[in-house]
Amino acid sequence: MIIKPSSALRNNYSGISILAKQTQEPVYITVNGEGDGVFMDMEAFERREQLLNLRAQVLQAEEDRLHGAKTMS
């Protein structure tokens, strides 16, 4: 887990951006030691969104099956 203060984002945006791209990990931003936000590389974010959408589709299909929808083997 990568944690950086908001001042690092404000003073060194490009460094935080490079870090997020290199690690493909979210960078957690804090204000006064408390969590405030998350900075992510765009590609990592898009992959995460695709994965979440796929999980939602699988969950919906499973719910439909449990409620009697016809399935294929």
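Predicted model: local features only at pLDDT ≥ 70, side-chain atom pairs only at ≥ 80, totals over all residues.
User: Which class does Y13 fall into, and why?
Analyst: Y13 has 48% relative accessibility, so Y13 counts as partly exposed.

User: What makes Y13 and F39 an aromatic pair, and of which kind?
Analyst: The structure holds one aromatic pair. The ring centres of Y13 and F39 are 5.5 Å apart and the planes stand at 90°, so the pair is edge-to-face. The definition takes rings of Phe, Tyr and Trp (its six-membered ring) with centres within 6.5 Å; planes under 30 degrees apart count as stacked, over 60 as edge-to-face and the rest as tilted.

User: What does the pair of Y13 and F39 tie together?
Analyst: Y13 lies in helix α2 and F39 in strand β3, so the pair ties together parts that are 26 residues apart in sequence. Helices (H or I, at least four residues) and strands (E, at least two) are DSSP runs, numbered from the N terminus.

User: How do you know that the buried residues of α2 line one face?
Analyst: In α2 (residues 13–23), I16, S17 and A20 are buried. Seen down the axis, the buried residues of α2 fall within an arc of 100°, so they line one face of the helix. The arc is that of the directions from the helix axis to the C-beta atoms.

User: What covers the buried residues of α2?
Analyst: The cover includes β1 (2–5), α1 (6–11), β2 (27–31) and β3 (34–39). Contact means heavy atoms within 4.5 Å.

User: How do you know that the span of α3 agrees with its length in residues?
Analyst: The expected span is 1.5 Å times one less than the number of residues. For the 25 residues of α3 (residues 42–66) that gives 36 Å, and the end C-alpha atoms are 36 Å apart, which agrees.

User: What makes D41 a cap of α3?
Analyst: A side-chain oxygen of D41 lies 3.3 Å from the backbone nitrogen of E43, at the N-terminal end of α3. A polar contact is a pair of N or O atoms within 3.5 Å; within protein, one must be able to donate a hydrogen and the other to accept it, and residues adjacent in sequence count only if both atoms are side-chain atoms.

User: Why is the link of R65 and E62 called a salt bridge?
Analyst: A salt bridge is a side-chain nitrogen of Lys or Arg within 4 Å of a carboxyl oxygen of Asp or Glu. The structure holds one salt bridge. Both residues lie in α3, three residues apart, about one turn of the helix. R65 counts as partly exposed at 38%, and E62 is partly exposed at 33%.

User: What stands out about phi of N32, and is N32 buried or exposed?
Analyst: Phi of N32 is near 55°, a positive value in a residue other than glycine. N32 is found in the loop between β2 and β3. Its relative accessible area is 78%, so N32 is exposed.

How values were computed. Residues numbered from 1 in each chain as written. Heavy atoms only, no water. Buried < 20%, exposed > 50% of the residue type's maximum accessible area, 1.4 Å probe, protein only.
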